[in-house]
Amino acid sequence: MTPSAPGSRIAGKLGLTDRVFAGPRSRKLFSAVEAGLKRVDDALERELRVADSLADATSRYLYEAGGKRVRPMLALLTAQLGDGATDRVIDGATALEMTHLGSLYHDDVMDAADKRRGVPSAHAIWGNSIAILTGDILFSRASQIMARYGDAAIKLQADTFERLVLGQMHETVGPQEGDDPVDFYLRVLSDKTGSLIAAAAQAGVIFSNGPSEFEAPMVTFGEKAGVAFQLLDDVIDLSADPDETGKVPGTDLRAGVPTMPYLVLGQRTDAGAIALRQEIDDGVARISDGADPAILDDALAELREHEATQATLDLANAWSREAVDALEPLPDGPVREGLTRFAQAVADRSS
């Protein structure tokens, strides 16, 4: 099993249409990102190999299942603000993608997810302990790559990893007394998703020797785009088509993990919303006691069509617009245009 080639999928994922690449500078940007992604995939293939046969199989498992490569893509885009896709940029993008892959092994254990990227999750094959340890191997390999480039790179990796862990920890324990559930959840998303996408955007500037004044805007852009990205994943999680999501519809909610449509539903005071929320809560409790997860099929289908899900889409679009606003300090040109398309394409994933 080998991952699909990245270049053929770039335009669809970033929203970079033929119209955007009409000019010669835009075509050059597209070619640079396409070529860079091929180099990142080659680096991932190399860096994920482990001498131990079991660790080698588990470490490359989710990589070989495919993936969007969003974080390397973003690093390669922002690298065009500096010297472009240098060896340092490729290594930084590779390390951050490995960090993302490692987090997926852990997330699937935490969420009891049976599928990831259209294949059985790692813990469903090898068990929870091996899945968690595999994630740890990927984190260590990513740190080894970053260590090649000194203290700044190590600090970027360590700070990002800390936020990933804190986000997962807070998601696990849930909001405390006095916390607004929606605000709390947005903070979790900022840590669990926004931090890594922000790191990718910042890394592209740092490792390409780009202007230092662009680092802060790229961090803000990545945080905002990352939250928008995850809000849309919450909507996609409710999709009736497993071929689109690579997971069973409503995986997170069936496992008792709140998502934004569910939280927004909890803010509604009408009888229908209250009844639907109660039906979901009762179903989750029964599933935890061993009931068939399919008992939530009807309730999740109703939530998918509920105004709470549309409100989540609206919120994702708002965060996407804020990401675009963060690009104001950047010069006009194909990089800023590409980043704008990146943020806007986040919302387009739900259509």
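This is a predicted model: local features need pLDDT of at least 70, side-chain atom pairs count only at pLDDT 80 or more; totals for chains, interfaces and linings use all residues.
Biologist: What makes up the protein in terms of helices and strands?

Modeller: The protein has 18 helices and 2 strands. Of its 351 residues, 53% count as buried.

Biologist: Why is V173 called exposed?

Modeller: The relative accessible area of V173 is 54%. Exposed means over 50%, so V173, at 54%, is exposed. Its place is in helix α9, which covers residues 150-173.

Biologist: Which residues make the nonpolar surface patch that includes V173?

Modeller: The patch is made by F161, V165, L166, M169 and V173, and has an area of about 400 Å².

Biologist: Why is E279 called partly exposed?

Modeller: E279 has a relative accessible area of 37%. Buried means under 20% and exposed over 50%, with partly exposed in between; 37% lies in between, so E279 is partly exposed. The place of E279 is in helix α15.

Biologist: What makes the patch containing E279 negative?

Modeller: The patch is formed by E279, D282, D298 and E302. The elements giving two or more residues to this negative patch are α15 (271-288) and α16 (297-305). Asp and Glu count as negative, and therefore the patch is called negative.

Biologist: How much of the accessible surface belongs to carbon and sulfur atoms?

Modeller: The accessible surface of the protein comes to about 15000 Å², and 52% of that belongs to carbon and sulfur atoms.

Biologist: What share of the contacts with a separation of 6 or more comes from residues 24 or more positions apart?

Modeller: Such residues account for 73% of those contacts in the protein.

Definitions and conventions
Residues are numbered from 1 along each chain as its sequence is written. Side-chain values use heavy atoms; hydrogens and water are left out. Patches are made of residues with over 30% relative accessible area and no salt bridge: like charges are joined within 9 Å, nonpolar side chains (Val, Leu, Ile, Met, Phe, Trp, Tyr) within 5 Å. Accessible areas come from the Shrake-Rupley method with a 1.4 Å probe; for residues, only the protein chains shown count as cover. A salt bridge is a side-chain nitrogen of Lys or Arg within 4 Å of a carboxyl oxygen of Asp or Glu. Helices (H or I, at least four residues) and strands (E, at least two) are DSSP runs, numbered from the N terminus. Buried means under 20% relative accessible area, exposed over 50%, partly exposed in between (1.4 Å probe, protein chains only). The place of a charge is taken as NZ of Lys, CZ of Arg, CG of Asp or CD of Glu. Contact means heavy atoms within 4.5 Å.
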